[in-house]
Amino acid sequence: MEIALPPRVPRRAVAALFIERQHLDRPLGRRLTRANLTRFAEDVGGIQLDSINVVERAHHLTLWNRFGPFDRRAFERLAYRRRVMFEYWAHAACLVPVGDFASWRRAMLDYSSRNRGWSRFLRRHRRTIAAVESAIRERGVLGNADFARPAANGRKASGWWNWRPTTHALDYLWMSGRTMVHSRVHFQKRFDLAERVLPDAALLEPVSREAFGRWHLRRSLHAMGAATETDLRVYLSFPRIPRGERLATLRAAIAEGEVTEIEVAGDRGRWLALTEDLPALARAGRRRQPARGTALLAPFDSFLWHRERTERLFGYEYRIEVYTPGPKRVHGYYTLPIYHDGLLIGRLDPKTHREAGRLEVRNVHFEPWFAKGEPPPAAAWGAVDRDAALAGVATALRSLATFVGAGDVTIGRVSPASLGAALKKALA
């Protein structure tokens, strides 16, 4: 009997479909509407939140890279008033599409049993959890600050009302789906009961654990276009599904024809794709150019959730140096990868000086192959027009400055220095 060989696709096909699914085929080129925001969140699976605000909030940067300088108030209305999305833990803390609520509801209900680290806390602080939930039920929307009771001497009270147990109780109630994030004030979460935040969705029956595993697999594969088993584990990293359970789900999906094993040229590992995506992979492999435009990616962009995958597909090594001591940093505190026409050509380290109305770019580092005018590594679509790329970086910086309310852009050190004058001229 003849054994069918797995489909063979070029690496550039995987990279191109990944770019399309991440909505980076036209960076800064879409308009923020309810439909476009929903489609983006559904395609990537989640928009990561982070508190660092040295340039702009991470989720705002991620959205700017797709929609250009959008109206933040319009986004807040869509996310927190019209409830196009809700907050939950997908890769990390994320905004996820409301249409996925029934699936994530399964993860919420399983949270206590799947996260054994809570068992000791639950035994010791059941009164805290009950009291916090009761307070929200009676008083309405509350945040952590509402539970910090000062003592007579001005210090916070101790016991089961003090800051630490209450914070954990709020987190547990959120993660287990008994409350949801109602809104944010100065980026601080404020909670309400789930049935008051999403009355209709809260009535939905959660999917079964088996159905959740299949949904989780489909969601990840769709977002990446094609992926290795490691990619699948790292992309949507929550919940931590046991390896045996993940493999059983994958085997069933392959046996039923929902997922197909593929071979990626130049890679010995096993790759997987949704069977329905095989035509899309074939089309992506025939594209002369996967993207047109320049972006400055947020460190927590879903495009970078698995950095080892980024290196495999694009030949680009990236590390967030926020947590690296200053003297040991190589590229800067909060570096943004420079993305141009589907390639990662460098990185820059910006800072928004809000009172001065200035966007400072402290360091710019271009990849050696780009600086030397060599062909790009890994996924390649021909030579890069260096002047056009520098003009694209300048355009993206002006757009970012507009978005963060800066009237002036300054550039510090450029590496290699030979590209500094050309970049500054393009910006001027």
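**Figure 1. Surroundings of H59 in the predicted model.** Beyond its neighbours within four places in sequence, H59 is in contact with I47, Q48, L49, F75, L95 and F187. This view, like those that follow, is taken from a predicted model. H59 belongs to helix α3, which spans residues 58-67. The relative accessibility of H59 is 3%, so the residue counts as buried, the cut-off being under 20%.

**Figure 2. Packing of helices α3 and α4.** Two packed helices are described by the angle between their axes and the distance between the axes. For α3 and helix α4 (residues 72-81), the angle is about 105° and the axes lie 12 Å apart. The two helices, α3 and α4, are therefore roughly perpendicular to each other; angles of 65 to 115 degrees are placed in that class. On the α3 side the contact is made by H59, H60 and L63, and on the α4 side by R72, F75 and E76. By class, the contact of α3 with α4 has two nonpolar, two polar and two charged residues.

**Figure 3. Crossing of helices α11 and α13.** Helix α11 covers residues 209-224 and helix α13 covers residues 243-255; their axes come within 10 Å and cross at roughly 75°. This makes α11 and α13 roughly perpendicular to each other. From α11, the residues R209, G213, R214 and L217 meet E245, T249, L250, A252 and A253 of α13. The contact of α11 with α13 divides into four nonpolar, two polar and three charged residues.

Figure 4. Most residues other than glycine have a negative phi, and most peptide bonds are trans. The bond from F238 to P239 is cis, with omega near -10°. P239 sits in the loop between α12 (229-235) and α13, the latter being a helix shown in the previous view. A cis peptide bond also joins S415 and P416, where omega is about 0°. P416 is placed in the loop between β15 (408-415) and α18 (420-427).

Figure 5. H23 is not a glycine, yet its phi is positive, at about 60°. This residue, H23, is found in the loop that runs between α1 (11-21) and α2 (34-44). With 6% relative accessibility, H23 counts as buried. D341, also not a glycine, has a positive phi of about 50°. The loop that holds D341 is between β12 (336-340) and β13 (343-353). D341 has a relative accessibility of 13% and therefore counts as buried.

**Figure 6. The whole chain, for orientation.** The chain has 18 helices and 15 strands. Its radius of gyration is 23 Å, close to the 22 Å that the globule rule gives for 428 residues, so the chain is as compact as a globular protein of that length. Along the principal axes, the C-alpha atoms fill a box of roughly 70 × 65 × 40 Å. Of the 428 residues, 55% count as buried. Among contacts between residues at least 6 apart in sequence, 66% join residues at least 24 apart. The chain exposes about 19700 Å², and carbon and sulfur atoms supply 50% of this area.

Definitions and conventions
Residues are numbered from 1 along each chain as its sequence is written. This is a predicted model: local features need pLDDT of at least 70, side-chain atom pairs count only at pLDDT 80 or more; totals for chains, interfaces and linings use all residues. Side-chain values use heavy atoms; hydrogens and water are left out. Axes are lines fitted to C-alpha atoms, for helices over the stretch in contact, and angles run from 0 to 180 degrees between N-to-C directions. Helices (H or I, at least four residues) and strands (E, at least two) are DSSP runs, numbered from the N terminus. Angles under 35 degrees count as roughly parallel, over 145 as roughly antiparallel, 65 to 115 as roughly perpendicular and the rest as oblique. Contact means heavy atoms within 4.5 Å. Ala, Val, Leu, Ile, Met, Phe, Trp, Tyr, Cys and Pro count as nonpolar, Asp, Glu, Lys and Arg as charged, and the others, Gly among them, as polar. The radius of gyration is taken over C-alpha atoms; the globule rule is 2.2 Å times the number of residues to the power 0.38. Buried means under 20% relative accessible area, exposed over 50%, partly exposed in between (1.4 Å probe, protein chains only). Accessible areas come from the Shrake-Rupley method with a 1.4 Å probe; for residues, only the protein chains shown count as cover.
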